[in-house]
Amino acid sequence: MAAVTADQTTQGTAGTAEEAEAAHLATFDAAVAADDRIEPRDWMPEAYRASLVRQMAQHAHSEIIGMQPEANWISRAPSLRRKAILMAKVQDEAGHGLYLYSAAETLGTSREELLDKLHAGRQRYSSIFNYPTLTWADVGAIGWLVDGAAITNQVPLCRCSYGPYARAMVRICKEESFHQRQGYELLLALSHGTPAQHEMAQDAVNRWWWPSLMMFGPPDDASAHSAQSMAWKIKRHSNDELRRRFVDICVPQAQVLGLSLPDPDIRWNEKLGQHDYGAIDWTEFQEVLKGNGPCNEQRLTQRRKAHEEGAWVRDAAAAYADKHSARPGTAGAAAQPVEATA
Amino acid sequence: MSSSTDWPLWEVFVRSRRGLSHTHAGSLHAPDAEMALRNARDLYTRRSEGVSLWVVPSTEITASSPDEKDSFFEPAGDKPYRHPTFYEIPEGVKHL
Ligand SMILES: [Fe+2]
Ligand SMILES: [Fe+2]
């Protein structure tokens, strides 16, 4: 008799937990369907959380690693004006990384864990940053094309279903605008400069164009996470849709620059009202992802080195804080904000 | 029994709707965090101004000093190149 009761109790509990889970899921689905935002304290499916952590971590890592190719030119910028601009841009990218790491932390991961995974090669960053910056014109091409592609990707993310991510993207998009314009202005100056400068600008565009198109990720029929991310409204448009949008934006901009895009197959498709463009070399993309790009090794080594060499700063800050909190009259452990969510 | 003036001060942050961040609404006195939350609800969201509330002990907030306002924020003052309008782009170029 006692055993039966216990059994019934167990079944009863299991039923209630399942019902609760179903109710949670219904609330979550309704919020997503209504274009509401999901906030950190809301219930969410584990797969949604994991998918967000993966995407936001990769995004944050990209901002931080992305500082390297451009920082390479700070000391050799051709004028004080260009140097100040480039420093401000690289500084912004550091800031973007920090916004995104904090947003990812609202999902219950720690920053240390994210950085460890980056350093161990277990989380990715955008493959674009594994290409080298060979000339000063690359700074212009990165601003115009790489930041341009990032903006095309990021504008719809401002409406992402996860609140902290969407809000970080609003801040980032506002700041990105100057990144793209300074790059365009730089290329315009080179393009209308001496023949050698013009050639340097064209060479940079030739090298950065295809990798920029790859930034939108694999084609739709080969994209592992796309469909689910769209259903959850983390993503709003498919990779190919955004890529085509980017091509449409760039073609007239290249004309004003007086530079050509290295794709003989680009032409206006009257019927679709869009540009057609040539086939992308996805083997190159896969190779770079696998670690065989021109700079993969260099980027990760530099990142690890920066982290290790910064250890004394973190240690000193912690020692100072310890000493400070040991003094009488100061608060000890940091208070947590108390929250109520309706 | 302590009077309400001895109670700590709490800063109240309200999220007005899903998707927006919490913004500072004001402050209140309360003996503890739970009471502060309830009071904040009654004081700052009587007309359904919020869907989420935070209360933070005022003593836990470190603020910049108003006297140092000029020198503190000065580093950003001479960097107009952080704004997109700093750059000259030819007429007619779109999406930039
Ligand atoms: Fe960025
Ligand atoms: Fe940027």
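What is the site of the iron ion (ligand 2) like, judged by the angles among its four donor atoms? The site is irregular, with angles of 83 to 167°. The close-ups below take you there and to a few other places.

This is a predicted model, in which local features need pLDDT of at least 70 and side-chain atom pairs count only at pLDDT 80 or more, while totals for chains, interfaces and linings use all residues. Residues are numbered from 1 along each chain as its sequence is written, chains are lettered from A and ligands numbered from 1 in the order in which they are written, and side-chain values use heavy atoms, with hydrogens and water left out.

**View 1. The iron ion (ligand 2) is held by four residues of chain A.** Donors here are N, O and S atoms within 2.8 Å of the metal (3.2 Å for Na, K and Ca); water is not among the atoms, so sites may look incomplete. Four donors count as tetrahedral if all angles lie between 85 and 135 degrees; four count as square planar and six as octahedral if opposite donors are over 155 degrees apart and all others between 65 and 115; anything else is irregular. Along the chain, the donor residues follow the spacing E-x53-D-x28-E-x2-H. A:Glu93 sits in helix H4 of chain A and A:His179 in helix H7 (residues 163-191) of chain A, so this pair ties together parts that are 86 residues apart in sequence. Helices (H or I, at least four residues) and strands (E, at least two) are DSSP runs, numbered from the N terminus.

**View 2. The iron ion (ligand 1) lies 3.3 Å from the iron ion (ligand 2), and A:Glu93 coordinates both.** The protein donors of ligand 1 are A:Glu63 (OE), A:Glu93 (OE), A:His96 (ND1) and A:Glu176 (OE), 2.1 to 2.3 Å away. Their four donor atoms subtend angles of 83 to 153°, which makes this arrangement irregular. A:Glu93 and A:His96 are three residues apart in helix H4 (residues 80-105), and therefore separated by about one helical turn. Both A:Glu93 and A:His96 are buried, meaning under 20% relative accessible area, where exposed is over 50% and partly exposed is in between (1.4 Å probe, protein chains only).

**View 3. Strand E1 (residues 9-15) of chain B is mostly covered.** Six of its seven residues are buried. E1(B) runs antiparallel to strand E2 (residues 23-29), joined by six bridges, and B:Val14 stands opposite B:Thr23. E1(B) also pairs in the antiparallel sense with strand E3 (residues 52-57), over six bridges; there B:Val12 has B:Val55 as its bridge partner. Strands pair if DSSP finds at least two bridges between them.

**View 4. Chain A meets chain B.** The contact (heavy atoms within 4.5 Å) takes 32 residues from chain A and 30 residues from chain B. One salt bridge to look for joins the side chains of B:Arg18 and A:Asp36 (4.0 Å, N to O); the term means a side-chain nitrogen of Lys or Arg within 4 Å of a carboxyl oxygen of Asp or Glu.

**View 5. A:Asp35 has a positive phi, near 65°.** A:Asp35 is in the loop between helix H1 (2-33) and helix H2 (46-65) of chain A, and is partly exposed, with a relative accessible area of 39%.
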